[in-house]
Amino acid sequence: MENFTFWTPTKYVFGRGVEMQAGALTASMLGRKVLMVYGGHSAEASGLLAKVRASLSEAGVEWKELGGVRPNPTDDKVREGIDMMRAEGLDSLLAVGGGSVIDTAKAIAAGVPYDGDFWDFFEGKAAIGDTLPLVVILTIPAAGSEGSGNAVITKIDGKVKISIRTEVALRPKFALMNPELTFTLPPYQTACGIVDMMAHIFERYFSDTPCVEITDRVAEGVLMAIIEEAPKVMENPTDYDARANIMWSGTLAHNGVCGTGRKEDWASHAMEHEISALYDVAHGAGLAVVFPAWMTFMAKNHPEKGAQLARRIWDVKEDDDHKAAMEGVMQLKKFFKKLGMPVTMDELGITEPDIDLLVEKLHEHKGNVIGGYYPLTPTETRIIYQLTI
């Protein structure tokens, strides 16, 4: 196990009705001039925004609103938020939504105090310094952004999708998590979220760091819980306990606990980012296509961890590591398909993927070699992209 520092300063307030604490917690922990960021009409139609507004008003918190954040969030909305905060003298942010909304708010929080272009952080031209405080009301369990210091934004010019990662700077101050707010999520969106949180665990689980049995078992335990609870949610969307378990799984998958003391991978996320940047598909759906392809490549070239996963998660009895890992891939695909997820490019709606462009963009943005579990050059990533067809 490697040396590590683990600090998760986010306060999680979990359960029925906790969104009504937004005003009091914002007033006590942040400023009193807030930018509320949200997505489409669902938060308004459900009555959630009305509740949040009433809570803020009761606590004496002033606010402005920035709506219209879309899936695969883009830089134009970040720039709009930065300009609004500066013009209005706002001092903190409240994100009401899922990963796209939260990531947009994080980018705004980093960009307002910075004299240059916020995109400098994503291109590695500048390091994040001062940030504005951020709080979250989670409505879509998936990205885990409510408990991480990470964000992903797409730059419209050039269709460039890049992530930034911080240890502490962009972690929300608190996250209000009411599973009831997820009852009305469409089945496809629910399934995409389940795949996303599983992928966050896989990126940490596939590691060459030795003697990490504790985090192996933590990751396996969360994966097994997701696999058990996901069908319940898909069958009965208003099953509170199943929704609660799925919501908390998404947080544990990405708040860092599964990755302590070990080297992580993240090649599959990088490969999927190019797909969703170019073809504008749902991130979770893209991961459902990429991860089995990546695992198939690893079953041939570096099968040990995949074989362990197959035996412990899917109860595969095969002694040969390659065969065991491949059986694990087949079980994972079967599970994804049971959720209604695609497992090929064609099923994703991409009939003729431009493999050359995907490989070119991937290595242009991420370097000639990617991946912490197994080094992938353009030769290997081309093979993996071809395995998605």
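A salt bridge is a side-chain nitrogen of Lys or Arg within 4 Å of a carboxyl oxygen of Asp or Glu. Select Arg262 and Asp216 to see one: their side chains meet in a salt bridge of 2.8 Å, N to O. The pair links distant parts of the chain, 46 residues apart. Arg262 lies in the loop between α9 (240-254) and α10 (267-279), and Asp216 in helix α8. Helices (H or I, at least four residues) and strands (E, at least two) are DSSP runs, numbered from the N terminus. Are Arg262 and Asp216 buried or exposed? Both are buried (under 20% relative accessible area; exposed is over 50%, partly exposed in between; 1.4 Å probe, protein chains only).

This is a predicted model: local features need pLDDT of at least 70, side-chain atom pairs count only at pLDDT 80 or more, and totals for chains, interfaces and linings use all residues. Residues are numbered from 1 along each chain as its sequence is written, and side-chain values use heavy atoms, leaving out hydrogens and water.

Stay on helix α8 and select Glu213. Its partner is Arg312, with the closest N and O atoms 3.3 Å apart in a salt bridge. Helix α8 covers residues 213-235, while Arg312 sits in helix α12 (residues 304-313), 99 residues from Glu213. Glu213 is partly exposed at 37% relative accessible area; Arg312 is partly exposed at 26%.

Next, select Glu65 and Arg53. Their side chains form a salt bridge of 2.6 Å, N to O. Glu65 is in strand β3 (residues 62-66) and Arg53 in helix α3 (residues 48-58), 12 residues apart. Glu65 is partly exposed, at 26%.

Finally, show the whole structure: a search finds 23 salt bridges.
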